[in-house]
Every structure is written in C-alpha cells, then in structure tokens.
Amino acid sequence: ATLPLANFGIDKDGNFTGNFEAPKDGMYLMNYAGKSNLIFLKGGQNIQISGNSATFPNEFTLTGDGKADNEFYQACQKYLMSYAQTLDIQAITNEKLPFFLKEIKKIESDLNKNVEENTKKFNPSKEMIEWKKNDVKTAILNVMVGFEMVQKQMNLSNPSFKMAKEFTDYENKLLENKEDMVQSSPFFRQYLLTKISQDFQKYAENKAKGKTDVVTSELFNDFLKTKKDLSQTTKDYLLA
C-alpha cells in the first residue's frame with residue numbers, strides 16, 4: 001500500500017526485465033494495464049515471468065526460483081474463485097446466527113482442505129503456506145464483518161446490543177495471529193478498516209460538526225488514538 005517499488009518498461013517485442021531490492025520476503029502486488037495480482041517473492045530470487053498481455057497478470061507462467069510457491073498460490077486462487085461462484089454470501093449474511101456459523105465454518109473447512117491438497121501437490125515453502133492459511137482466515141473474517149454489520153443495522157434501536165459469544169469466540173480464534181496478519185495482508189487491513197468504519201463515521205460526524213476545513217486523515221488519526229484495543233503497529237498500517 002505504498003508507492004511502486006519498481007517500474008519495468010516493455011520493449012517493442014513485449015519483453016521486460018529488471019530487479020529491485022525487496023524490503024522483505026512476502027507477497028507483492030504486480031500491476032499491468034490496470035489489472036493486478038499477487039506474487040510471492042524472496043530475496044535473492046531469479047525468476048522468469050511470461051504471459052499473454054490480454055490476461056496478464058491474472059494468468060501468467062513463472063519459472064525459476066519461487067515456482068513452487070507461486071504455482072501453489074495460483075492454484076489456491078483458482079479454487080477460491082470457482083468456489084466463491086457457488087456461494088450466495090449476501091444470503092448467508094442475512095441468516096440467523098446458528099445457520100451463519102454453520103455455513104461459515106464449512107467454508108473455512110473447504111478452503112483449508114484445498115490448501116492442504118495444494119501443499120502436497122506443489123510443496124511450497126513454509127512461509128507461503130503460513131501466508132495462505134492467514135489469507136483463508138482473512139476471507140472468513142471479511143464475511144463475518146459483513147454479517148456483524150447487518151446485525152448492528154437490525155438492532156440500531158438497541159444501544160446495548162452486542163454480538164453473541166459464539167460469534168466473538170470464533171472471531172477471536174481467527175484473530176490469534178492478527179499482529180502478523182496486519183503486516184502481511186492488505187486484505188486483513190481492509191477487514192480491520194471495515195470493522196471500525198461505523199465507529200469512525202460516528203466519531204467523524206461529531207468532531208466535524210459545523211467545520212469546513214476538516215482533513216479526513218487527521219480525523220482518522222485522532223480516532224485511532226481512542227482505540228486502546230489496537231496496537232501501535234496496527235494503527236500505523238491502518239493510517240497508511
């Protein structure tokens with residue numbers, strides 16, 4: 001979520017080459033012609049990427065170092081996309097809590113089963129496996145926050161409304177590794193931003209009342225200072 005680390009130009013034959021100093025091992029966003037995809041990189045790697053410009057970087061072939069990691073990730077993504085088409089997430093989030101928890105736990109189980117199958121098939125690094133497991137948790141959390149927002153909307157007239165213990169217990173189980181997740185996953189940071197969006201909106205409306213020179217980022221920074229449950233690292237990432 002920062003400025004580009006490197007820009008690689010394409011020559012008249014459609015080829016590109018280059019290198020850059022990656023700040024750390026992990027996932028990087030690759031952009032081309034308004035489209036993007038993630039790629040897992042480790043320091044010192046030498047990789048070759050090829051593809052068709054019409055489908056790149058949604059589809060591409062990678063050889064050299066990092067082949068196993070990225071083939072594993074692409075296979076997991078392909079399954080996730082096809083699996084998501086079988087789900088009606090909006091219908092699930094509009095259901096009662098027992099049905100919702102049953103469905104969401106089944107989704108988590110199905111996604112983790114696919115991760116295990118692809119682990120055996122591609123033999124990726126432990127770092128890639130760990131990232132993907134956290135990615136599954138993040139996908140589940142993003143559905144859960146949608147359900148939570150629906151429930152809060154339905155209980156606007158009840159100021160003492162709280163999510164049921166079964167819901168928060170399951171959520172907390174998924175959040176056990178949250179400090180690592182906030183640093184490694186833009187999708188997890190999006191979950192956190194969605195989670196606090198309603199509280200921030202209320203805070204901003206009160207603070208900005210009658211003012212015309214309010215800067216949203218300054219308001220958000222002041223709001224984060226009130227969130228004692230968030231670490232400073234998390235606050236820094238969310239503000240960025």
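**Questions on a predicted model**

Modeller: P57 is found in the loop between strands β3 (47-50) and β4 (61-64); helices (H or I, at least four residues) and strands (E, at least two) are DSSP runs, numbered from the N terminus. This is a predicted model, in which local features need pLDDT of at least 70 and side-chain atom pairs need 80 or more, while totals for chains, interfaces and linings use all residues. Residues are numbered from 1 along each chain as its sequence is written, and side-chain values use heavy atoms, without hydrogens and water.

Colleague: What kind of peptide bond joins F56 and P57?

Modeller: The bond is cis, with omega at about 5°. Most peptide bonds are trans, and most residues other than glycine have a negative phi.

Colleague: Which value of phi does A33 have, and where does A33 lie?

Modeller: Phi of A33 is positive, about 55°, although A33 is not a glycine. A33 is in the loop between β1 (26-32) and β2 (35-41).

Colleague: Why is A33 called exposed?

Modeller: Exposed means over 50% relative accessible area, buried under 20% and partly exposed in between (1.4 Å probe, protein chains only). A33 has 62%, so A33 is exposed.

Colleague: What is the order of the elements in the protein?

Modeller: From the N terminus they run β-β-β-β-α-α-α-α-α-α-α-α-α, for a total of 9 helices and 4 strands. Buried residues make up 33% of the 240 residues. The C-alpha trace spans about 60 × 45 × 30 Å along its principal axes.

Colleague: Why does M128 count as buried, and which residues is M128 in contact with?

Modeller: M128 has 0% relative accessibility, so M128 counts as buried. Contact means heavy atoms within 4.5 Å; leaving aside neighbours within four places in sequence, M128 is in contact with M27, F40, D69, F72 and Y73. M128 is in helix α4. From M128 to N70 the C-alpha distance is 8.5 Å, at a separation of 58 residues in sequence.

Colleague: What makes T138 buried or exposed?

Modeller: The relative accessible area of T138 is 1%, so T138 is buried. T138 also lies in helix α4 (residues 126-154). Leaving aside neighbours within four places in sequence, T138 is in contact with M181, S185, F187 and F188.

Colleague: How many aromatic pairs are there, and what is the rule?

Modeller: Rings of Phe, Tyr and Trp (its six-membered ring) pair if their centres lie within 6.5 Å; planes under 30 degrees apart count as stacked, over 60 as edge-to-face and the rest as tilted. By this rule the count is 14 pairs. F188 and Y191 have ring centres 5.6 Å apart and planes at 35°, so this pair is tilted. These two residues are 3 apart in helix α7, about one helical turn. F188 is buried at 1%, and Y191 is buried at 1% as well.

Colleague: Why is the pair of F220 and F223 put in its class?

Modeller: The ring centres of F220 and F223 are 6.1 Å apart and the planes are at 25°, so the pair is stacked. Both lie in helix α8 (residues 216-225), 3 residues apart, about one turn, and both are buried. Elsewhere, F16, Y32, F56 and F60 form one aromatic cluster.

Colleague: How do you know where the charged end of K105 sits?

Modeller: A charge sits over a ring if NZ of Lys or CZ of Arg is within 6 Å of the ring centre and within 35 degrees of the ring normal. The charged end of K105 sits over the ring of Y170, 5.2 Å from its centre.

Colleague: What is the angle between helices α7 and α9?

Modeller: The axes of α7 (residues 186-207) and α9 (residues 232-239) cross at roughly 90° and come within 10 Å; axes are lines fitted to C-alpha atoms, for helices over the stretch in contact, and angles run from 0 to 180 degrees between N-to-C directions. That makes α7 roughly perpendicular to α9, where angles under 35 degrees count as roughly parallel, over 145 as roughly antiparallel, 65 to 115 as roughly perpendicular and the rest as oblique.

Colleague: Which residues meet there?

Modeller: R189, L192, L193 and I196 in α7 meet T234, Y237 and L238 in α9.
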